[in-house]
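Hi,

Here is the structure I promised to pass on. Have a look at it first, and then read my notes below.

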Amino acid sequence: MSTSVSAAAVAALVPPLTGRRSPPASRVPQICRRRIRSKPRIFSSSPSFPIVPAAAMATGGAAPTASDAGSKKKLLIFDSEEDLAVSLAKYTAELSEKFAAERGAFTAVLSGGSLIEALRKLTEPPYLDSVDWSKWHVFWVDERVVPKDHVDSNYKLAYDGFLSKVPIPPGQVYAINDALSAEGAADDYEACLKQLVKNGVISMSAATGFPRFDLQLLGMGPDGHIASLFPGHPLVNEKERWVTYIKDSPKPPPERITFTFPVINSSAYVAMVVTGAGKAAAVQKALSDKQTSSDLLPVEMAVLQDGEFTWFTDKAAVSLLQNK
Ligand SMILES: O=C1O[C@H](COP(=O)(O)O)[C@@H](O)[C@H](O)[C@H]1O
């Protein structure tokens, strides 16, 4: 179990991030430190999206290079989930290298659910050895308010499937304080983020005034929810908070914390990882041309202010799209 103290009490302990050096784990604010438990082919798109051959991506074609700067949305369709996982690893590793070189840190946001399994290739060669894991700072776009060893914990899911297999410094893994209420945990996590902005670990978006994470790795539920932002729930309209809480999640468990849309939409890069026929209807709605502003799914509300949004999908997930 992690400890937590106020952000103000620890602020002075933490030097700003400079150059290419990341702060040692021991100097990360206690409020932000949640140590890893010792145990515990056919490529198509809607007309509004560029068609990006997934095979090209696998060989570097969709790497985050300067030539991609003007391309804000991409739809990648893979023949298999295995192919998707290979390319997602390459994409993530290249962004890690880019941000580590540019700013000495890489802020990666995880969702729960099927996303974690899709990250499995990052835990294998060549990435296990070639990625500079010491530059990674890991966050959760949403978390269930349960103990970290609970089967519903997004932290546990990520730890078991990803974090326990790569050498990210434990002090750079920012889990929620699971001893707090949902409201308290959301406040605590937001305070953690604000402290890390002050330290220079997390960038700020000049355009929005909200934190700008380097990469958010997100999943989507069959109902079109992302993070813990559900269709028709008032939380989708939150405009001020960075992190908020929900006590009546339609998907169990009911109590969760979640990043808000202003934070999600301030990201530099988002990978939206969606597979399986069960999500085809939501994908169809999100990627169809006939969007109406009155009944947007949460996934449709993920619109980056100044970043690159890439859908990583398989054939089943796009099976209801026209023009394939
Ligand atoms: O409850 C949640 O669900 C979504 C989607 O999960 P998936 O298994 O259908 O991919 C997930 O992105 C979110 O983090 C999680 O809390």
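What follows is a short tour of the sheets, the aromatic pairs and one loop serine.

First, the ground rules: this is a predicted model, so local features need pLDDT of at least 70 and side-chain atom pairs count only at pLDDT 80 or more, while totals for chains, interfaces and linings use all residues. Residues are numbered from 1 along each chain as its sequence is written, and side-chain values use heavy atoms, with hydrogens and water left out.

**The parallel sheet**

Six strands make an open sheet with parallel pairing, in the order 1-11-10-7-2-3. Strands here are DSSP runs of E with at least two residues, helices are runs of H or I with at least four, and both are numbered from the N terminus. Two strands pair if DSSP finds at least two bridges between them. Strand 1 and strand 3 are the edges; each has a single partner strand, so one side of each has no neighbour in the sheet. On average, neighbouring strands of this sheet are turned by 20° against each other, direction ignored. For such angles, axes are lines fitted to C-alpha atoms (for helices, over the stretch in contact), and the values run from 0 to 180 degrees between N-to-C directions.

Going through some of the pairings: strand 1 and strand 11 run parallel and are joined by six bridges, with L75 having W311 as its bridge partner in strand 11. Strand 10 and strand 11 are also parallel, again with six bridges, and here M272 stands opposite W311. Strand 7 pairs with strand 10 in the parallel sense over five bridges, and Q216 has V270 as its bridge partner in strand 10.

How much of strand 10 is buried? Six of its six residues are, where buried means under 20% relative accessible area, exposed over 50% and partly exposed in between (1.4 Å probe, protein chains only). Y269, A271 and V273 point one way, V270, M272 and V274 the other way, and all are buried. In a regular strand the side chains alternate between the two faces of the sheet.

Helix 3 (residues 81–103) packs on this sheet, touching strand 1, strand 2, strand 3, strand 7 (215–219), strand 10 (269–274) and strand 11. Its direction makes about 165° with that of strand 10. Contact means heavy atoms within 4.5 Å.

**Aromatics**

There are 15 aromatic pairs in the structure. The rule is that rings of Phe, Tyr and Trp (its six-membered ring) pair if their centres lie within 6.5 Å; planes under 30 degrees apart count as stacked, over 60 as edge-to-face and the rest as tilted. F78 and F312 are stacked, because their ring centres are 6.1 Å apart and their planes are at 10°. F78 is in strand 1 (residues 73–78) and F312 in strand 11 (residues 308–314), so this pair ties together parts that are 234 residues apart in sequence. Both F78 and F312 are buried.

F106 and W136 are edge-to-face instead, at 4.9 Å centre to centre with 75° between the planes. This pair links strand 2 (residues 106–110) and strand 3 (residues 136–140), with F106 and W136 30 residues apart. F106 counts as buried at 0% relative accessibility, and W136 does too, at 0%.

K98 lies over the face of F99, 5.2 Å from the ring centre. Likewise, the charged end of K194 sits over the ring of W242, at 5.0 Å from its centre. The test is NZ of Lys or CZ of Arg within 6 Å of the ring centre and within 35 degrees of the ring normal.

Three strands form an open antiparallel sheet in the order 4-9-8. Strand 4 (142–144) and strand 8 (243–246) are its edge strands, each pairing on one side only. Strand 8 and strand 9 (residues 256–259) pair over four bridges, and V243 stands opposite F259. Helix 7 (residues 182–198) lies across both strands, at about 165° to strand 8.

S249 sits in the loop between strand 8 and strand 9. Is S249 buried or exposed? Buried, with a relative accessible area of 8%. Its side chain reaches the backbone oxygen of K251 at 2.5 Å, and a polar contact of 3.2 Å joins it to the side chain of R256. A polar contact is a pair of N or O atoms within 3.5 Å; within protein, one must be able to donate a hydrogen and the other to accept it, and residues adjacent in sequence count only if both atoms are side-chain atoms. Leaving out residues up to four places away in sequence, S249 touches F230, P254 and R256.

Cheers
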